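Good morning, and thank you for coming.

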Amino acid sequence: MQALLRDVDISLLNHKPRTRPEPRELEAFSIAAEEHVLEEDFPEFDSDTHRKSPAALFGSRRIGAVVVPKQLCSAVTSLIEASDKSQLHSDAIRLFANPEGDKPGWQLQLDTKYRSYKQGARHAERDATAFASIALPGHYTAIYSVFNHLKTRMPSDWEVQRVIDWGSGTYAGLWASLFSFQKPPEKSVDMDELDAAHSTVQKYLGIDRRLGLVAIGDRLLKDIPVSPTLSVQHRKTLAEEDNLPRDSGEKTVALTAFTLSSLSLPLARKQLVKEMWESGAHTMILIDHDSKSGFEAIAQARQYLLKLGQKEQENPELESFSIRGSHVVAPCPHDGACPLFDPGSSRLVCGFSQRMQRPAFVRLTKHSKLGHEDIQFSYVVIQRGPRPTQMNSNAGRVGLVGLRDVQERIVKATPVKQLSLFEEGATQPLASTESSLASEVAPQAPLQVPNGEELTASELETVLRQEAYHWPRLVFPPMKKSGHVILDSCTPEGKIMRLTIPKSQGKQPYYDARKSSWGDLFPHPPKNAPQERVVVKGSSGKVKSVQRDHIGKSQGEKPHRTDTNMFDKVATSVREAKKEKRRWDRFMKKEQVWNVDS
């Protein structure tokens, strides 16, 4: 025991305590220097090279969630602060809540009818305040999304100076145009930090008979700092002196958002579309709800505007006009009849979705904690002039994924070097092999056309902008499987087709298909022949059957069969057929208005 204690004492005497290192102070390190080092170590990860091909990147919508700018949020918030919160919430539920129906939730359309004009006037201000707190952000999101896509499709020097808005309401078209069409900024600006005073828009004309909504729009205009040169006017109807000459409407946009489907009579819808055509604006944008009535209203207006443009081209008396005719800029890749439009019996809807980051006042008014909302809409953009000619350059079809694939193919095709005795006069086939592979890979460079000429970034964008008029558009969400991607698209032939992009087609087309989204343009042709969705109609124009009806629909559960009496089933079907025939006859009688030349 004494020996053990002695050993412990010796170990304690020989123990040398460790000296703690002095704490180091934080050192400032340049982020730019670190990025420069990373670029030197990994040259293939260049910031200018994207994993998607330049063509697929150009065809994508390139916008995530729309954020309402702070200027507009603060103006609406101050409006809500001056109102009764409990009454505002009850008005929002009464006007916009839709707990039942095909799409339960919150709707964005104000279609409440009152017993008398005086009752409607008493509720006008309350209804307009509820509209600004619920529907205005959604309308702004849809219009801003369409404007953002239109800017990518137009030349870089295209700008908007005047906007004519039918159904202006609380000036959703004004806010979207002010924050979309901005002057070139000195540095990048976040979406919520946009300034309305830096817009290129100089004149705005709103046309609306709902004076309560217009009054709220004027109150918001006072709280938002705009350019002193901006002229904002409101009228109940478009006057004849507001129309522009044909040659001076290049920087004018005619807009109607979520208005056509609210007009009950086809004659009123036709008159509105005709006013847009006669206004002299070169670009006409029509937006409506993602519903059967909204889609059919947009499709009818699209067909009517193309018909007016065709008559203009065929009329020899109008040869003096510098621009004649009309064509579809988006979303259709063709100017023919819409393959999904069947008047009165449209089963599928050509609609799109845009996510919105909910402002705080929307969450508080709806009593919801969800921070985002998906706004669904149908739209069409018509522009004067003939459709650009189709060109097949195949430029910009290879991105970073394709370049890596090419490098891997070169490595695999290069023969392995072996040690061998060198003799005079012997040939070395290695150089010829590398040159042959380089000649095969050269036409696939992302900034080259088939003839081998290199393109600059601006030239490539010009080529892709013209090619994009004839790329298929994804009108339904893509279905991504394990080894292939299914894309239900509207093609330049004017048909709804199912394109299948397998992994065997190539890494770049497969990657672009995997990263594609609903509403994108897809530049790669499919490896196999696509499937066509064919609609069979009767002599009266009503849809009788649809071949390949699965195209455009996701696989859902089939309804369970129930045992019912055959006589009851036949009797019910006969009664429903008679009712459907009477409804169809009344519908076709109303729709004859669009075919009358006036």
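Predicted model: local features only at pLDDT ≥ 70, side-chain atom pairs only at ≥ 80, totals over all residues.

I begin with charge: Arg575, Lys578, Lys579 and Arg582 form a patch of positive charge on the surface. Arg575 belongs to helix α17, which spans residues 566-591. A patch is built from residues with over 30% relative accessible area and no salt bridge, like charges being joined within 9 Å and nonpolar side chains (Val, Leu, Ile, Met, Phe, Trp, Tyr) within 5 Å. Lys and Arg count as positive and Asp and Glu as negative, while His and the chain ends are not counted. Each charge is placed at NZ of Lys, CZ of Arg, CG of Asp or CD of Glu.

Residues are numbered from 1 along each chain as its sequence is written, and side-chain values use heavy atoms, with hydrogens and water left out.

Of its 598 residues, 44% are buried. Here buried means under 20% relative accessible area, exposed means over 50%, and partly exposed lies in between (1.4 Å probe, protein chains only). The accessible surface comes to about 34400 Å², and carbon and sulfur atoms hold 53% of that surface. Such areas come from the Shrake-Rupley method with a 1.4 Å probe, and for residues only the protein chains shown count as cover. Among contacts with a separation of 6 or more, 75% are between residues 24 or more positions apart, a contact meaning heavy atoms within 4.5 Å.

Which residues form a nonpolar patch on the surface? They are Met1, Leu4 and Leu5, which together have about 370 Å² of accessible area. Leu5 sits in helix α1, residues 2-14, and Leu5 is partly exposed, at a relative accessible area of 48%.

Helix α15 (residues 457-467) has Leu460, Val463, Leu464, Arg465 and Glu467 buried. The cover over these buried residues of α15 includes α3 (54-59) and α7 (124-153).

Leaving aside residues up to four places away in sequence, Gly212 touches Ala124 and Ala128. The C-alpha atoms of Gly212 and Thr129 are separated by 8.9 Å, although these residues are 83 apart along the chain.

How many salt bridges does a search of the whole structure find? The search finds 15, a salt bridge being a side-chain nitrogen of Lys or Arg within 4 Å of a carboxyl oxygen of Asp or Glu. Glu125 and Arg219 form one of them, with their closest N and O atoms 3.5 Å apart. This pair links distant parts of the chain, since Glu125 is in helix α7 and Arg219 in helix α9, 94 residues apart. Arg219 is partly exposed, at 35% relative accessibility.

A further salt bridge joins the side chains of Glu81 and Lys85 (3.7 Å, N to O). Glu81 counts as exposed at 52% relative accessibility, and Lys85 is partly exposed at 40%. In the salt bridge between Arg235 and Asp242, the N to O distance is 2.4 Å. Arg235 is partly exposed at 29%, whereas Asp242 is buried at 9%. Arg358, Lys366 and Glu373 are linked in a network of salt bridges.

Finally, the backbone. Most residues other than glycine have a negative phi, and most peptide bonds are trans. A cis peptide bond joins Ala330 and Pro331, with omega about -5°. Pro331 lies in the loop between β9 (326-330) and β10 (352-357).

Phe258 has a positive phi, near 55°, and is found in the loop between β7 (252-257) and α10 (266-278). His367 also has a phi near 55°, in the loop between α12 (360-366) and β11 (372-384). Is each residue buried or exposed? Phe258 is buried, with a relative accessible area of 7%, while His367 is exposed, at 60%.

Note on methods
Helix = DSSP H or I, 4+ residues; strand = E, 2+ residues; numbered from the N terminus.
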